[in-house]
Amino acid sequence: MNLDAQDRPHAIVPRAQATARASLGIAAAALLSACAVFAPQFARPDLAVVDVRLLGGNLLQQNFRVTLDIQNPNDRALPVEHVSANLVMDGEQIASGATSRAFIVPARGRMRFDMIVAADMATGLMWLAQRRDVPRGAVDYELDGVVRLDLPLFHSLPFHEKGSFTLPGASR
């Protein structure tokens, strides 16, 4: 006896089951669309290195205070849990660190904050010694890191910033 596809029981999909699957797919698509419409959109904050100061250290580690300027381009405040970053100067990774406290950047506002970053002693001293003769004290930097937000739908905003700043006391 030869059964065609219509007569095979395993090939039959009840209409109710097909309708339920289609309804579930439509509901999922609608939910995702609603999330996209109602979820707040955040632009990445702009970060720039303002100052780098040698704080001191020991035989193993050199500490720097890096002052950063953060600008919030969004129309609502950004509650920042912490910022972590790697500091690269003149193409060489110098230090890494994180903020020690949370802060809030006002809507369409800006603020400065400090991070303590650590480098091994040899790298820090060699880098500083080589930079005493930098023309006009201009130093190129790259800052890679993450701004960790205290928001339900947005946990972190990665960033990569490039720029230059003037070393304090550099010859002009």
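A nonpolar core, as the term is used below, is a set of buried Ala, Val, Leu, Ile, Met, Phe, Trp, Tyr and Cys residues joined through side-chain atoms within 4.5 Å. Keep in mind throughout that this is a predicted model.

1. **The core.** With that definition in hand, the largest nonpolar core comes to 30 residues. The members with the most contacts inside it are Val49, Leu68, Val83, Leu87, Phe113, Leu143 and Val147. Two or more residues each come from β1 (46-57), β2, β3, β4, β5 (103-105), β6, β7 and β8 (156-166). Strand β3 gives the largest share, six residues. As background, nonpolar side chains in soluble globular proteins tend to be buried together.

2. **Val147 up close.** Val147 is one of the core residues with the most contacts inside the core. Setting aside neighbours within four places in sequence, Val147 is in contact with Pro45, Leu47, Val80, His82, Val83, His155, Ser156, Leu157 and Phe159. Val83, itself on the list of core residues with the most contacts, is among those partners.

3. **Overall layout.** The protein has two helices and eight strands, and along the sequence they come in the order α-β-β-β-β-β-β-α-β-β. Of its 172 residues, 31% count as buried. If you take contacts between residues at least 6 apart in sequence, 65% of them join residues at least 24 apart.

4. **Strand pairing around β6.** Strand β2 (residues 61-71) and strand β6 (residues 110-120) run antiparallel and are joined by 11 bridges. If you want a place to start looking, Gln61 stands opposite Asp120 in β6. Strand β4 (residues 92-98) also runs antiparallel to β6, with three bridges between them. On that side, Ser96 has Ala118 of β6 as its bridge partner.

5. How many salt bridges does the structure hold? There are three. Arg110 forms one with Asp69, and the closest N and O atoms are 2.6 Å apart. That pair links distant parts of the chain, since Arg110 sits in β6 and Asp69 in β2, 41 residues apart. Arg112 meets Asp69 too, at 3.9 Å from N to O. Here the partners are again in β6 and β2, this time 43 residues apart. Is Asp69 buried or exposed? Asp69 counts as buried because its relative accessibility is 9%, and buried means under 20%. Arg112 has 53% and so counts as exposed, the cut-off for that being over 50%.

6. **The remaining salt bridge.** Glu81 and Arg148 meet through their side chains at 3.9 Å, N to O. Glu81 lies in strand β3 (residues 78-89) and Arg148 in strand β7 (residues 138-149), so the pair links distant parts of the chain, 67 residues apart. Glu81 is partly exposed, with a relative accessible area of 33%, and Arg148 counts as partly exposed at 30%. In general, side chains of opposite charge can pair when their charged atoms come close.

7. **Asn72 in the β2-β3 loop.** Asn72 is found in the loop between β2 and β3. With a relative accessible area of 1%, Asn72 is buried. The side chain of Asn72 reaches the backbone oxygen of Arg76 at 3.0 Å. What does Asn72 touch, not counting residues up to four places away in sequence? The list is Ala77, Leu78, Val105, Pro106, Ala107, Arg108 and Gly109.

8. **Pro73, next in that loop.** Pro73 also has its place in the loop between β2 and β3. While Asn72 is buried, Pro73 counts as partly exposed at 31% relative accessibility. Leaving out neighbours within four places in sequence, Pro73 is in contact with Ala43, Arg44, Pro45 and Arg108. Arg108 is on the list for Asn72 as well. The C-alpha atoms of Pro73 and Arg110 are separated by 8.8 Å, with the two residues 37 apart along the chain. Arg110, for its part, is the residue that forms a salt bridge with Asp69 at 2.6 Å.

Definitions and conventions. Residues are numbered from 1 along each chain as its sequence is written. This is a predicted model: local features need pLDDT of at least 70, side-chain atom pairs count only at pLDDT 80 or more; totals for chains, interfaces and linings use all residues. Side-chain values use heavy atoms; hydrogens and water are left out. Two strands pair if DSSP finds at least two bridges between them. Helices (H or I, at least four residues) and strands (E, at least two) are DSSP runs, numbered from the N terminus. A salt bridge is a side-chain nitrogen of Lys or Arg within 4 Å of a carboxyl oxygen of Asp or Glu. Buried means under 20% relative accessible area, exposed over 50%, partly exposed in between (1.4 Å probe, protein chains only). A polar contact is a pair of N or O atoms within 3.5 Å; within protein, one must be able to donate a hydrogen and the other to accept it, and residues adjacent in sequence count only if both atoms are side-chain atoms. Contact means heavy atoms within 4.5 Å.
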